[in-house]
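Here is a friendly briefing to read with the model open beside you.

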Amino acid sequence: MAVEQETLIEPDPEKREEARSLWGDAWRDLRRRPIFLISGVLIVLLIVMAIFPWAFTDADPRKADLVNNFLRRPDWTDFFGAGWFGYDGQGRSIYARVVYGARASITVGIFVTATVTLLGGLTGMVAGYFGGTVDAVLSRIIDIFFGIPLLLGALVLLNAFSTRTVWTVVIALGVLGWTQIARVMRGAVLTVKQSDFVVAGRALGAGTGRLMFRHILPNAVAPVIVVATIALGGYIATEATLSFLGIGLQDPTISWGIDISSAQKVIRTAPFVLFFPAAALSITVLAFIMLGDAVRDALDPKLR
């Protein structure tokens with residue numbers, strides 16, 4: 001009698017989860033964080049508002065009607081209309097100016113952050129990778145610029161220009177604000193360049209450019225991204241402060257800082273003129289700081 005051999009049929013192996021990189025783990029963690037979702041929605045809304053302000057209001061932010069609209073109070077029934085937030089001391093729609101003011105603030109924040117990240121990142125990477133005399137010289141240059149207060153230095157630089165535009169402010173803040181990124185990148189590169197894969201790449205004959213940009217940079221850029229994201233909100237606040245002091249942006253540029261400066265004259269009789277641009281500025285800065293905090297927590301394995 002033939003004994004039937006049992007054939008062991010292995011069940012279909014479960015689909016293995018694909019190996020995730022640091023960025024994959026971070027993205028998976030970010031999607032579960034309410035703080036990231038809230039800040040992300042706010043930032044997307046602000047960016048869309050900055051690019052397409054006419055989609056949020058059809059009012060002209062520069063149209064002044066002193067006869068009919070001088071310090072006219074908000075009309076809460078006029079949703080998204082010119083009189084929704086009231087009118088300022090020149091008879092201009094506050095809501096329209098809040099919407100159009102996002103463009104200057106977001107532009108300054110993004111381009112200053114891009115400038116300081118590029119300049120500081122390259123300087124810190126070169127200093128950390130080569131070490132020795134190169135590191136000593138670049139570190140002293142970083143210390144010199146780091147000793148200049150950002151706001152005070154920007155006041156001095158911008159005061160030298162007769163006309164101050166968005167790009168003038170970007171240059172001034174970019175020239176002075178790169179030192180923190182440089183220090184963070186230098187420290188990260190000093191840590192990463194001691195790793196086994198970098199030593200192995202150097203032993204196999206990889207060139208300096210390949211080691212720096214293909215091996216070291218992807219593994220050292222995470223803390224730089226965190227610092228840059230948080231700093232973006234600070235640059236927006238700095239631009240508003242400079243405009244408030246009369247050294248930043250100038251008319252006809254529409255800026256929350258300019259409107260806040262103008263509102264201080266009528267704050268006792270019409271506080272709403274100050275409240276709305278100040279609230280828009282606070283929400284914008286808070287959104288970027290919240291985003292930076294969420295990214296920091298996601299990229300730091302110690303906080304998981």
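Phe-80 is found in the loop between α3 and α4, in a predicted model where local features need pLDDT of at least 70, side-chain atom pairs count only at pLDDT 80 or more, and totals for chains, interfaces and linings use all residues. Residues are numbered from 1 along each chain as its sequence is written, and side-chain values use heavy atoms, with hydrogens and water left out. Helices here are DSSP runs (H or I, at least four residues), numbered from the N terminus.

**The loop between α3 and α4**

- Phe-80 has a phi near 55°, a positive value in a residue other than glycine.
- Leu-71 is found in the loop between α3 (66-69) and α4, and its phi, near 50°, is positive too.
- Most residues other than glycine have a negative phi.
- Leu-71 is buried, with a relative accessible area of 17%; buried means under 20%, exposed over 50%, and partly exposed in between (1.4 Å probe, protein chains only).
- Ser-93 lies in the loop between α3 and α4 as well, and Ser-93 is buried at a relative accessible area of 3%.
- The side chain of Ser-93 reaches the backbone oxygen of Ala-82 at 2.6 Å.
- Not counting residues up to four places away in sequence, Ser-93 touches Ala-59, Ala-82, Gly-86 and Tyr-87, where contact means heavy atoms within 4.5 Å.

**The loop between α11 and α12**

- Pro-252 lies in the loop between α11 (222-244) and α12 (256-263).
- A cis peptide bond joins Asp-251 and Pro-252, with omega about 15°.
- Most peptide bonds are trans.
- Gly-248 lies in the loop between α11 and α12 and counts as buried at 1% relative accessibility.
- Leaving aside neighbours within four places in sequence, Gly-248 is in contact with Leu-158, Arg-164, Val-169, Leu-242 and Ser-243.
- From C-alpha to C-alpha, Gly-248 and Ile-258 are 8.6 Å apart in space and 10 residues apart in sequence.

**Helix α4 against helix α10**

- The axes of helix α4 (residues 94-130) and α10 come within 12 Å and cross at roughly 110°; axes are lines fitted to C-alpha atoms, for helices over the stretch in contact, and angles run from 0 to 180 degrees between N-to-C directions.
- α4 and α10 are therefore roughly perpendicular to each other, a label that covers 65 to 115 degrees, while under 35 counts as roughly parallel, over 145 as roughly antiparallel and the rest as oblique.
- On the α4 side, the contact is made by Leu-122, Met-125, Val-126, Tyr-129 and Phe-130, and on the α10 side by Thr-208, Leu-211, Met-212, Phe-213, Ile-216 and Leu-217.
- By class, this contact of α4 with α10 has 10 nonpolar, 1 polar and no charged residues; Ala, Val, Leu, Ile, Met, Phe, Trp, Tyr, Cys and Pro count as nonpolar, Asp, Glu, Lys and Arg as charged, and the others, Gly among them, as polar.
- Arg-214 has its place in helix α10 (residues 208-220) and is exposed, with a relative accessible area of 55%.
- The C-alpha atoms of Arg-214 and Val-266 are separated by 57 Å, and the two residues are 52 residues apart along the chain.

**Helix α5 against helix α8**

- The axes of helix α5 (residues 132-146) and helix α8 (residues 179-192) come within 9 Å and cross at roughly 145°.
- The contact is made by Asp-135, Ser-139, Ile-142, Asp-143, Phe-145 and Phe-146 of α5, together with Thr-179, Ala-182, Arg-183 and Arg-186 of α8.
- By class, the contact of α5 with α8 has 4 nonpolar, 2 polar and 4 charged residues.

Key:
Helices (H or I, at least four residues) and strands (E, at least two) are DSSP runs, numbered from the N terminus. A polar contact is a pair of N or O atoms within 3.5 Å; within protein, one must be able to donate a hydrogen and the other to accept it, and residues adjacent in sequence count only if both atoms are side-chain atoms.
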